[in-house]
Amino acid sequence: MSGTGIVRVGLVGCGGIAQGKHIPNLLKKQGAEIAAISDVRGEQYLAKVCAQHGLTGVKLCADYREVLADSGIDAVHVCTPNASHARITIEALDAGKHVMCEKPMASSLEEAEAMVAAARRSGRKLTICANNRFTPAMWYLKQRCAAGELGEIYFAKAHCVRRRGVPVWGDFLDVDKQGGGPVLDLGTHALDLALWMMDNYRPRKVTGKLFHKLGPQGSQANPYGAWDPERFTVEDSGFAMIELENGAMIWLETSWALNTRDERPVSVTLCGTLAGSDVTDGLTINTERGGRLVDEAVVLSPRTIPFYEPEQIYGPQLEISQWIDALRTGGQPVVRPEEMYTVQKIIQAVYDSGRQGESVYL
């Protein structure tokens, strides 16, 4: 890091996620500087990226190894296709760089474990993008959980249920290339929220069930367009019961296609000894007070007065901001690699259990 405390960042991969999220939010963050960008499409493409975002004085690298070799770069953001996340992250950590890696963490549990080991070996910070933690509702709820206001959280539901919401582009439907369907694509985010709120990363047993019922039928009602039933080889819905070592339980429910009216975005329902919470109709805290059951609706958008608009930073801007602050102050990032490794470990167990027809003990 420079003597002025500026974190100099190199981006590896300059596609949609880099341009839509990383570049604009790094530009907003005081104390951060984009020093280099890299993409396999070459310097001409990178020059266009710079022009579109008003970047000047930035090193353009067709080979990402030039970014890793630059001693003036403090941190690397890995925004490449999923299959290369682990390899580039490990190389960057071994080159002495802090790393923010886009989701998913890795293509396999073994790769994820190697990433955690590389971070420990190098002494550098590693974080994985878990964007759902930074929404206004989930960020607020975490503060209440951390303050102990829900007491011991002993049961949670991790949701992401779509009635129809099958991604028909790319390799999403190909089990050989993608590895899984909604359990992997959506369940990862929902499970991460539940474990984070509970602050409990010690799973004991996973019982999963995978369904491939609606995929072979096709659908004209899918908002992303009709899918080819012959290509739909992943599950269309998946469910799991996860038991933690202290006896707490998590119910995981995910689907791309399910005949239900109970659709839910990525979210959690929590049941604690002092209170519970859900986002069925906005964020609500439920408890007992004065001999009555009480539901407290949380107002997440502050009421404004004329000529004054309170500043609120959430979402990708908060995600990037807290990461840069952690590097500048020596603190810990919000998302730790060991946490995301545990999420991936449980998700793998859901698939193993679903395919074997029996519970998996971790």
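Biologist: What covers the buried residues of α5 in this model?

Modeller: In this predicted model, the cover over the buried residues of α5 includes α4 (85-94), β5 (98-101), β6 (126-128) and α10. The residues of α5 that count as buried are L109, A112, M115, V116, A118 and A119, and buried here means a relative accessible area under 20%.

Biologist: How do you know that the span of helix α5 (residues 109-122) agrees with what its 14 residues should give?

Modeller: The expected span is 1.5 Å times one less than the number of residues; for the 14 residues of α5 that comes to 20 Å, and because its end C-alpha atoms are 20 Å apart, the two values agree. After the helix comes G123, which has a positive phi, near 75 degrees.

Biologist: Why is L27 called partly exposed, and where is it found?

Modeller: L27 is found in helix α1 (residues 16-28). Its relative accessibility is 47%, and since buried requires under 20% and exposed requires over 50%, L27 falls in between and therefore counts as partly exposed. Leaving aside residues up to four places away in sequence, L27 touches I34, H53 and L55, whereas between L27 and H159 the C-alpha to C-alpha distance is 33 Å, with 132 residues separating them in sequence.

Biologist: What makes the buried residues of α6 line one face of the helix?

Modeller: The buried residues of helix α6 (residues 136-146) are A137, M138, L141, K142, R144 and C145. Viewed down the axis of α6, they fall within an arc of 160 degrees, so they line one face. As a general point, an α-helix has 3.6 residues a turn, so residues three or four places apart point the same way. The buried residues of α6 pack against β7 (153-161), α8 (182-198), β11 (264-272), β12 (276-278) and β13 (284-289).

Biologist: Which residues have the most contacts inside the largest nonpolar core?

Modeller: That core has 51 residues, and those with the most contacts inside it are L141, L191, I242, I250, L252 and L270. The elements that each supply at least two of its residues include α6, β7, α8 and β11, and α8 gives the most, with ten residues. L141 touches M197, V268, L270, S277, L283 and I285, when residues up to four places away in sequence are not counted. Apart from this core lies another, of 33 residues, among them A36, C61, M115 and M340.

Methods
Residues numbered from 1 in each chain as written. Predicted model: local features only at pLDDT ≥ 70, side-chain atom pairs only at ≥ 80, totals over all residues. Heavy atoms only, no water. Buried < 20%, exposed > 50% of the residue type's maximum accessible area, 1.4 Å probe, protein only. Helix = DSSP H or I, 4+ residues; strand = E, 2+ residues; numbered from the N terminus. Arc of directions from axis to C-beta. Contact = heavy atoms within 4.5 Å. Core = buried A, V, L, I, M, F, W, Y, C linked by side-chain atoms within 4.5 Å.
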